[in-house]
Amino acid sequence: MSEILYELREVHKRYTGRTVLQVSTLDIYRGEVLAIVGPSGAGKSTLLRLLNFLEFPDYGDLIYRGKVIQPGTMPLALRREVTTVFQRPALLSATVWRNVVYGLRVRGIRNGARAVQAVLARLGLAALTHAQARALSGGEAQRVALARALVLQPTVLLLDEPTANLDPYNVGIIEQVVADLNQTQGVTVVLVTHNVFQARRLAQRVVFLLNGTIVEVASAGPFFESPRDPRTAAFVNGEMVY
Amino acid sequence: MDVVWAGLKEGLRLLFAGDPYLWEIVLLSAQVSGIALTISALLGIPFGAIIGLTHFPGRRFVQALVYTGMGFPPVVVGLAVYLLLSRNGILGPLNWAWIPQLFTVPAMVLAQVIIATPLVIGYTMAAVSEVDPNLRLQLRALGATPRQATWAVLREARLGVIVALVGGLGSIVSEVGAVTMVGGNIEHATRVLTTAIMLETRRGNMDLAIGLGMVLLALAFMVNLLMAQFQGRGK
Ligand SMILES: Nc1ncnc2c1ncn2[C@@H]1O[C@H](COP(=O)(O)OP(=O)(O)O)[C@@H](O)[C@H]1O
Ligand SMILES: [Mg+2]
């Protein structure tokens, strides 16, 4: 078994007194693509915010590379190993270039031009380098969002429904890049999706989250072909009403 | 009617001939309001950004205070500063070096800061809270520190922030009640555009009053033109 990157132990997250996430145990391994599936409101996005250290558990331990993560003592360098692409790309009202270079700038990296160019080319955005972000189509904007994450060479890439509402062409590009990133560079990917087909195409392991708790964790094959929990089966077969 | 035409002509002549009395007043006005606006910006922009972007207990209360401050009648501000600084007031008797004396430029600056700061805070607050709230989270996820993320959001809201500054300037440069009360309209010392116009009108020096009035109008017009320009560009 490869190195464990994240260990979650009895992690609880509450909003205004309501517990929305309650994970008794979950390990995430270096180099895997882990899909998190579940109906909306299940707590998937909340889990990703914890994994990106944007919020912290109210109870329990979130351990990243052996260190218990706490709000005040989180080293910046460690936090910067992880990044997220959200469902809706929130871009700066500036050029594509400025958006992609942003993460490098905040790290004080001034000589990132070549890396930015390479990433833009990889995502088919070279021709749009100097375009204004607000003039982009939805698919282009999401590719910019992925580009600005990739340029950081993250250890962990968190994707929160990155292709919801995109056309098949853009879905294809994004899935291709994510798969390639994982296979050739060993980037750990946690993919939130409510598209079970996408989970099947990309993930090695799948977590089924329902009402803030994990119903089932399994390798992709067994998860889709012989789920243990009837609720997982219902979700996989598209029978779950939500 | 003759008075107006004669006044306009003479006012223009004074303006362009570089009349020392008139220009002294114009420059002092620019100085007082410029310093006050700078201080208001340094206080108001960070405060506005924090109130607009973060959630803390009592935020609604603070917002209500700011909105109240935006609507303060300048005369009341003048009264408050007067009571604060006068010999038998609250701070006056302390005689500390950094406390401004009544009827001086610093006292006028203080009053204008109190008038303009809530406006700058309020407009900045509104401007940053119009920026997509997901942007800040996204920037944090890209590795920005809270400070870096706040700075980027302020940049996103820059048109609104400029409108905040222009609005603040407009409110103090044309204000007369507070500067009269705490400045005293002393010649060569605390006489600014608005107080001079009042005085010269009362003295019957219509040409001077009109000349000063034109400067003030031109200033107000430029301020509003700037504001319209920036607001239009955001669209
Ligand atoms: N900032 C928040 N404040 C209050 N409630 C929240 C907040 N974020 C999420 N929630 C609630 O937590 C639950 C899980 O939300 P989320 O993690 O977004 O689910 P998912 O991504 O699986 O759709 C939902 O009921 C949602 O309303
Ligand atoms: Mg979600």
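Let's start where α5(B) and α8(B) cross, a crossing that is right-handed. Keep in mind as you look around that this is a predicted model. Helix α5 of chain B covers residues 105-129 and helix α8 of chain B covers residues 158-173; their axes come within 8 Å and cross at roughly 155 degrees. Angles over 145 degrees count as roughly antiparallel, so α5(B) is roughly antiparallel to α8(B).

Who actually does the touching here? On the α5(B) side, look for Gln112(B), Ile115(B), Ala116(B), Leu119(B), Val120(B), Tyr123(B), Thr124(B) and Ala127(B). Across from them, α8(B) brings in Gly160(B), Val161(B), Ala164(B), Leu165(B), Gly167(B), Gly168(B), Ser171(B) and Ile172(B). Sort the residues of this contact of α5(B) with α8(B) by class and you get ten nonpolar, six polar and no charged ones.

Now slide along chain B to another pair. Helix α6 (residues 133-141) of chain B and helix α7 (residues 146-156) of chain B have axes that come within 9 Å and cross at roughly 140 degrees. That angle is why α6(B) counts as oblique to α7(B). The crossing of α6(B) and α7(B) is right-handed. From α6(B), the contact uses Leu135(B), Arg136(B), Leu139(B) and Arg140(B). From α7(B) come Pro146(B), Ala149(B), Thr150(B), Ala152(B), Val153(B) and Glu156(B). What classes make up this contact of α6(B) with α7(B)? There are six nonpolar, one polar and three charged residues.

Next, see how chain B meets its partner. In this interface, 18 residues of chain B are in contact with 23 residues of chain A. The area buried between chain B and chain A is about 1700 Å², and carbon and sulfur atoms give 52% of it. On the chain B side, the residues that lose the most area to chain A are Gln138(B), Ala141(B) and Leu142(B), together 34% of what that side buries. And how many salt bridges cross the interface of chain B and chain A? The rule finds zero.

One salt bridge joins Glu3(A) and Arg30(A), whose closest N and O atoms are 2.7 Å apart. This pair links distant parts of the chain, 27 residues apart. Glu3(A) is in the segment before β1 (4-15) of chain A, while Arg30(A) is in the loop between β2 (18-29) and β3 (33-37) of chain A.

While you're in chain A, take a look at one more helix pair. The axes of helix α3 (residues 96-106) of chain A and helix α5 (residues 138-150) of chain A come within 7 Å and cross at roughly 35 degrees. Here too, α3(A) passes α5(A) in a right-handed crossing. Val96(A), Asn99(A) and Val100(A) of α3(A) meet Val144(A), Ala147(A) and Arg148(A) of α5(A). By class, the residues of this contact of α3(A) with α5(A) are four nonpolar, one polar and one charged.

Methods: Residues numbered from 1 in each chain as written. Chains lettered and ligands numbered in written order. Predicted model: local features only at pLDDT ≥ 70, side-chain atom pairs only at ≥ 80, totals over all residues. Heavy atoms only, no water. Axes fitted to C-alpha atoms, helices over the stretch in contact; angles between N-to-C directions. Helix = DSSP H or I, 4+ residues; strand = E, 2+ residues; numbered from the N terminus. Parallel < 35°, antiparallel > 145°, perpendicular 65-115°, else oblique. Left-handed = near helix turned anticlockwise from the far one by under 90°. Contact = heavy atoms within 4.5 Å. Nonpolar A, V, L, I, M, F, W, Y, C, P; charged D, E, K, R; others polar. Buried area = accessible area lost by both parts, 1.4 Å probe. Salt bridge = Lys/Arg side-chain N within 4 Å of Asp/Glu carboxyl O.
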